[in-house]
Amino acid sequence: MIPYATAAEAEAALGRAMTWAEAAWFRYSATMPDYCLYYHTALILLVSYTLAPLPLALLELRATQTSPPAYKLQPGVRRTVADFLRCYRDAVSVLVLTVGGLQLVSFRIIKKVGIRAGLPLPSVGETVAQLVVYFLVEDYLTYWFHRLLHTPWGYEKIHRVHHEHAAPMGFAAAYAHWVELIILAFPAFAGPAIVPCHMTTFWIWFILGAIEAVDTHSGFIFPFNPAKFIPFYGGAEYHDYHHYVGRQSQSNFGLVFTFCDFIYGTDKGYRYHKASLTKVIFF
Ligand SMILES: [Zn+2]
Ligand SMILES: [Zn+2]
């Protein structure tokens with residue numbers, strides 16, 4: 001909620017004219033309580049995890065039995081419409097219940113750490129800098145949580161659900177035990193808690209996080225994927241190997257970047273696998 005009754009009042013308080021983005025934000029949020037704006041996050045996640053994997057599923061379904069889709073990492077794995085729908089239904093039902101529950105109990109925390117919804121809106125530079133911090137913080141913490149989930153107890157009781165898909169697909173990005181979703185919410189919230197942002201940045205953060213998770217679980221390695229220009233970005237091939245190895249996997253715990261696995265030596269299996277493939281290709 002913005003504490004100004006009119007746009008003129010808001011501009012007087014800002015000491016300048018509003019940008020078009022600020023004017024749009026004022027029109028949308030001026031009379032809306034902050035908790036309503038915060039609860040948009042669950043809807044944003046639902047839409048992101050619905051729309052982002054959709055083109056990948058259509059691409060896979062368009063391919064025929066004799067001609068697998070181009071750029072697919074495990075071309076021998078074929079899925080039906082029912083497979084995609086089952087995965088989507090199971091993933092989204094757990095996601096909505098878990099995120100919805102978390103949203104109800106975390107609004108006060110969000111207010112306490114300083115997530116703001118007023119004016120002015122952050123600059124592009126501020127937004128980008130905060131998002132970079134959030135990705136780095138999330139990746140580091142997720143690496144360690146993911147390693148813990150690969151201990152015998154963590155895997156058997158919790159993480160096994162996410163690994164049901166040895167060949168990942170976009171819809172499987174959020175397919176996990178509800179406890180795992182709660183555990184992974186901590187790294188996602190840690191960045192905004194350390195470096196508080198505007199609500200719009202908070203939404204962009206969760207949209208980008210969902211797109212990254214879907215890309216990582218896509219099962220496709222597109223040569224034109226712009227993410228491959230991001231330094232140390234793991235991507236689909238990197239995480240596909242982790243799923244392919246499954247329960248025994250002690251490699252590729254990083255979910256966004258590769259540097260934690262490099263620093264802590266947990267990319268050895270993957271590097272050996274890549275080196276073996278290179279040998280097969282050249283000899
Ligand atoms: Zn895992
Ligand atoms: Zn995964």
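Reader: How far apart do the C-alpha centres of domain 1 and domain 2 lie?
Author: This is a predicted model, in which local features need pLDDT of at least 70 and side-chain atom pairs count only at pLDDT 80 or more, while totals for chains, interfaces and linings use all residues. Residues are numbered from 1 along each chain as its sequence is written, and chains are lettered from A and ligands numbered from 1 in the order in which they are written. The chain is divided into domain 1 (1–32) and domain 2 (33–282), with bounds that come from an automatic or database domain assignment. The distance between the C-alpha centres of the two domains is 35 Å.

Reader: Which helix gives the most residues to the side of domain 1 that touches domain 2?
Author: Ten residues from domain 1 and nine residues from domain 2 take part in the contact, where two residues are in contact if their C-beta atoms, placed from the backbone, lie within 7 Å. On the side of domain 1, two or more residues come from each of helix H1 (7–14) and helix H2 (20–29); helices (H or I, at least four residues) and strands (E, at least two) are DSSP runs, numbered from the N terminus. The helix that gives the most, with five residues, is H2.

Reader: How many residues of that side of domain 1 are nonpolar?
Author: Ala, Val, Leu, Ile, Met, Phe, Trp, Tyr, Cys and Pro count as nonpolar, Asp, Glu, Lys and Arg as charged, and the others, Gly among them, as polar. On this side of domain 1, one residue is polar and one is charged. The number of nonpolar residues is eight.

Reader: Is Gly118 buried, exposed or partly exposed?
Author: Gly118 is placed in the loop between H5 and helix H6 (124–149). A residue is buried if 20 or more other C-beta atoms, placed from the backbone, lie within 10 Å of its own, exposed if 12 or fewer, and partly exposed in between. Because Gly118 has 18 C-beta neighbours inside 10 Å, it counts as partly exposed.

Reader: What is the radius of gyration of the chain?
Author: The chain has twelve helices and zero strands, and its C-alpha atoms fill a box of roughly 70 × 40 × 35 Å, taken along the principal axes. The radius of gyration is taken over C-alpha atoms, and the globule rule is 2.2 Å times the number of residues to the power 0.38. For 283 residues, a compact globule would therefore have a value near 19 Å; this agrees with that of the chain, which is 21 Å.
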